[in-house]
Amino acid sequence: MPLTRSFRETVQARAQRDIKFRQALLGEAMQALLDGNLEEGRAALRSCINATIGFEKLGTALGRSPKSLMRMFGSSGNPTAENLLAVIGVLQAKTGVRLQVRAVAHAA
């Protein structure tokens with residue numbers, strides 16, 4: 001479902017002023033990917049990109065076409081590990097959010 005412009009602007013404005021919100025957006029995307037929910041992870045990462053730096057600035061930072069990046073993170077996208085990690089790196093730098101991975105024992 002396409003987002004309305006006012007909703008998108010509201011999310012972008014909150015992401016600009018609230019680091020906890022940016023952390024939650026990026027953290028949700030990464031957790032979904034780590035849990036193997038690839039479609040959900042791509043969608044969450046796309047939302048994070050739209051809310052923070054946008055595909056135009058991301059494309060400039062990576063030297064890639066914004067449309068190509070949009071396809072990578074679309075519903076049928078399949079970014080390579082190299083592209084995925086490059087995007088995560090740019091998002092961390094541009095949003096001020098640094099991800100850390102911790103091993104947690106899973107209760108069986």
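**Exercise 1.** Which helices each supply at least two residues of the lining of the largest pocket?

*Solution.* The model is a predicted one, in which local features need pLDDT of at least 70 and side-chain atom pairs count only at pLDDT 80 or more, while totals for chains, interfaces and linings use all residues. Residues are numbered from 1 along each chain as its sequence is written, and side-chain values use heavy atoms, with hydrogens and water left out.

Begin with the helices, which are DSSP runs of H or I with at least four residues, numbered from the N terminus. Helix 2 and helix 6 each supply at least two residues of the lining, and the largest share, five residues, comes from helix 2. Among the 14 lining residues, M30, L34, L99, Q100 and V101 lie nearest the centre of the largest pocket.

**Exercise 2.** Determine whether R42 is buried or exposed, and how far the nearest side chain of opposite charge is.

*Solution.* Next, consider its accessibility: R42 is buried, where buried means under 20% relative accessible area (1.4 Å probe, protein chains only). Then turn to charge, counting Lys and Arg as positive and Asp and Glu as negative, without His and the chain ends. The nearest side chain of opposite charge, E39, is 5.1 Å away, and R42 has no salt bridge, a term that requires a side-chain nitrogen of Lys or Arg within 4 Å of a carboxyl oxygen of Asp or Glu.

Finally, examine contacts (heavy atoms within 4.5 Å). Leaving out residues up to four places away in sequence, R42 touches residues including L33, M72, F73 and P79, and F73 in turn touches R42, with L45 and I49 also among its contacts.

Conventions: Buried means under 20% relative accessible area, exposed over 50%, partly exposed in between (1.4 Å probe, protein chains only). On a 1 Å grid over the protein atoms alone, a cavity is a set of points where a 1.4 Å probe fits but cannot get out, and a pocket is an open set with protein on both sides within 12 Å along at least five of seven lines; lining residues have an atom within 4 Å of a point.
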